[in-house]
Amino acid sequence: MIEASGLRKLYGQTVALDGVDLAVRQGEIFGVLGQSGAGKSTLLRCVNLLERPDSGTVTVAGRELTKLGERELNQARQRIGMVHQHFALLASRTVAGNVAFPLEVMGVGRRERDQRVAELLELVGLGGRGKDHPRQLSGGQKQRVGIARALAGRPEVLLSDEATSALDPGTTESILGLLKSLNRELGLTILLITHEMNVVKSICDSVAIMENGRIRESGGIGELIRTP
Ligand code: ADP
Ligand code: ADP
């Protein structure tokens, strides 16, 4: 579902990605684990071409994104949802307005949008909270809004950038549970980056361990991480 090959990315003298290959199968939860500075965010941003790699190719759901121009890329990106560590919600918009935002950009009409937003809020356990503002929500609820917004375009793939790092342990568990259930029920493929072993242990099928811009090891969760 996601294939990256030979990705390199430099920032000045810093080698953020030093030849990364990645293969994420359809329907799996794939975790990239590594310490701060390892290159995880750069990798994630190269997967949806928010950042252009200096070399290498990225293919998502059969489309080679590294070949596309900006216009085609914007369309292809609608099928790739992204969840952010600090939620990235618009404070001036209601919860429903935040979830509706990508649908507005896609040109989905008012009626269909309202219905879709209601379904999405229901799906993430926030039915009835559409009229609230983000400031009225807890961290976990804000992340649920972030997830609903990421799913608005019915993506095949969800990218998660440290989705639970700003949350307390109990809330982390409930958000991970939500991601797992979306993976099971919608068949959603998830690529997540994290610095927390617990995240990987609790929901990932496969894991890659990243260090200094390279993948040191990767494989099935059972092969790489021994659970006590
Ligand atoms: P991680 O997500 O694992 O913490 P990053 O991908 O953020 O790692 O960073 C990898 C390396 O690239 C680090 O040395 C970081 O300082 C550098 N880096 C990341 N983004 C930029 C940028 N926009 N400009 C300059 N250096 C960057
Ligand atoms: P996160 O852990 O959420 O990736 P960071 O503080 O690492 O947060 O990065 C925040 C932003 O700053 C990112 O867009 C990243 O690309 C950029 N960044 C990271 N390291 C550097 C750097 N050394 N120089 C310039 N920008 C950087």
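Student: Strand 3 and strand 8 (residues 189–194): which way do they run, and how many bridges join them?

Tutor: They run parallel, joined by 5 bridges. Two strands count as paired if DSSP finds at least two bridges between them, and strands are DSSP runs (E, at least two residues) numbered from the N terminus. This is a predicted model, where local features need pLDDT of at least 70, side-chain atom pairs count only at pLDDT 80 or more, and totals for chains, interfaces and linings use all residues. Residues are numbered from 1 along each chain as written, ligands are numbered from 1 and chains lettered from A in written order, and side-chain values use heavy atoms, leaving out hydrogens and water.

Student: What else does strand 3 pair with?

Tutor: Strand 9 (residues 206–211), also in the parallel sense, over 4 bridges. Glycine 31 stands opposite leucine 192 in strand 8 and opposite valine 207 in strand 9.

Student: How do I read the faces of a strand?

Tutor: In a regular strand, side chains alternate between the two faces of the sheet. Here Ile29, Gly31 and Leu33 lie on one side, Phe30 and Val32 on the other, and all are buried (under 20% relative accessible area, 1.4 Å probe, protein chains only).

Student: Why is strand 3 largely enclosed?

Tutor: Because 5 of the 5 residues in strand 3 (residues 29–33) are buried.

Student: And which residues surround ligand 2?

Tutor: Ser41, Arg45 and Gln85, where near means a heavy atom within 4 Å. An oxygen of ligand 2 sits 2.9 Å from a side-chain N or O of arginine 45, and one is 3.1 Å from such an atom of serine 41.

Notes
Polar contact = N/O pair within 3.5 Å; in protein donor to acceptor, adjacent residues only side chain to side chain. Buried < 20%, exposed > 50% of the residue type's maximum accessible area, 1.4 Å probe, protein only.
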